[in-house]
Amino acid sequence: MPEPVTVTDYHTAGEPFRIVTEGFGEISGSTVPERREFARSSAKVDSIRQLLVNEPRGHADMYGGFVVPGNDDGADFGVLFWHKDGYSTACGHGTIALGTWAVETGRVAASADGDTEIVIDVPSGRVVARVTCSGGVVQRVAFRNVPSYVVTRAAKVMTRWGLVLADISFGGAFYASVQASSVGLAVTPENYADLIALGREVKWALNETPWARHPSDSRLDGIYGTLLYDDLGSSDEGGPHQRNVAIFADGEVDRSPCGSGTSARIALLADEGRLGPGQVLRHDSIVGTTFLGRVVEEVVAEDRAAVITEVEGSAYRTGTATFTLDPRDPLGTGFTLR
């Protein structure tokens, strides 16, 4: 039976992130990717994930992470991201929440007025969260992601809506981007069920293709999610304005504009020439919240042109809790309804 687990909950642009610093036992490994593999194979560790993400303590769209040591002394800490179906390789909204949490709890000493950089090792690499404070209060967080790049354009997927064309890109995880209007949909709450169904179809149709294979690390394989987007023209920030919803894992819905998904979208927009130096992507979510994204550097990664992206948003603490499992409880670590 899992021991009591105390968590701190945040939301980033509406998407939950449950932070766990202890109570999950030993997670073996010398790096974050190794610890992720251990957690995936450990019934004991995974029972904690299930306890925290499943109903009645969580829900089908719950998200969180175990805070673990970084890969070396260059990182402030590492994190293993998880959701209802397992352990993800990247999580931008979680990175923004962790940057906020690290400053607000004093985990990392921060300037009361100005910027503090927090280095976090995640399964896909090392990211840096720049936390901006004023008067000792966190105002916003912008994180620099691992290199993002285009994999392929116009991959054909047959769905119940007919033939769909998907652009695949990497932003710490692989995403398939589909313009919602191409199947007669819009990214609005009224289309929630159809968006989930379409996102699932596209993801699983592409998940075993060569486009979903990472060039150098098979632990990053697989289409993580489908980004269904609306093109809203130009923004006041001097770049494109889009709205999206990420349908990830097996039908989980991101309430935020999706941080790593924003990086994946930026890679596509930069490749199209729609997001150049000094321009900003205004990226809205299905619930009306916003991330701002930009290209900060052009690089080469995995033998292809890539960009370093910066994604900005805000996170807010929603509470703390200690979760337990009564040994008499026939539901055990819980269940998930979708």
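1. Just after helix 3, Gly106 takes a positive phi of about 80°. Helices here are DSSP runs of H or I with at least four residues, strands are runs of E with at least two, and both are numbered from the N terminus. A word on the basis: this is a predicted model, in which local features need pLDDT of at least 70 and side-chain atom pairs count only at pLDDT 80 or more, while totals for chains, interfaces and linings use all residues. Residues are numbered from 1 along each chain as its sequence is written, and side-chain values use heavy atoms, with hydrogens and water left out.

2. Helix 3 itself (residues 92-104) is worth a look. Its 13 residues should span 18 Å at 1.5 Å a residue, and the end C-alpha atoms are 18 Å apart, which agrees; the expected span is 1.5 Å times one less than the number of residues. Of those 13 residues, 12 are buried, so helix 3 is largely enclosed by the rest of the structure. Buried means under 20% relative accessible area, exposed over 50%, and partly exposed in between, with a 1.4 Å probe and protein chains only. Among the buried residues are His93, Thr95, Leu98 and Trp101.

3. Leu98 also turns up in the packing: together with Leu206, Leu98 touches the most other members of the largest nonpolar core, which has 76 residues. Helix 3 gives the most to this core, with 6 residues. A second, separate core of 20 residues includes Val5, Phe24, Val32 and Leu325. A nonpolar core is a set of buried Ala, Val, Leu, Ile, Met, Phe, Trp, Tyr and Cys residues joined through side-chain atoms within 4.5 Å.

4. What is Leu206 in contact with, leaving aside its neighbours within four places in sequence? The list is Ala155, Val157, Ala166, Ile168, Ala176, Trp211, Ala212 and Ile223, where contact means heavy atoms within 4.5 Å.

5. On to the strands, which pair if DSSP finds at least two bridges between them. Strand 6 (residues 114-122) runs parallel to strand 4 (residues 77-83), joined by 2 bridges, and Phe77 stands opposite Ile120 in strand 6. Strand 6 is also joined by 9 bridges to strand 7 (residues 125-134), and these two run antiparallel. They form a hairpin with 2 residues between them, and Thr116 has Val131 in strand 7 as its bridge partner.

6. The largest pocket has a volume of about 400 Å³. Of its 22 lining residues, Arg36, Arg40, Tyr87, Asp221 and Tyr224 are the closest to its centre. Helix 1 (32-41), strand 5 (86-87), helix 4 (192-206) and strand 12 (223-234) each give two or more residues to the lining. On a 1 Å grid over the protein atoms alone, a pocket is an open set of points where a 1.4 Å probe fits, with protein on both sides within 12 Å along at least five of seven lines, and lining residues have an atom within 4 Å of a point. The volume is the space filled by probe spheres set on the points, which are joined across faces, edges and corners.

7. The peptide bond from Glu55 to Pro56 is cis, with omega near 10°, and Pro56 is in the loop between helix 2 (43-53) and strand 3 (64-68). Ala13, in the loop between strand 1 (5-12) and strand 2 (15-20), has a positive phi near 55° and counts as buried at 7% relative accessibility.
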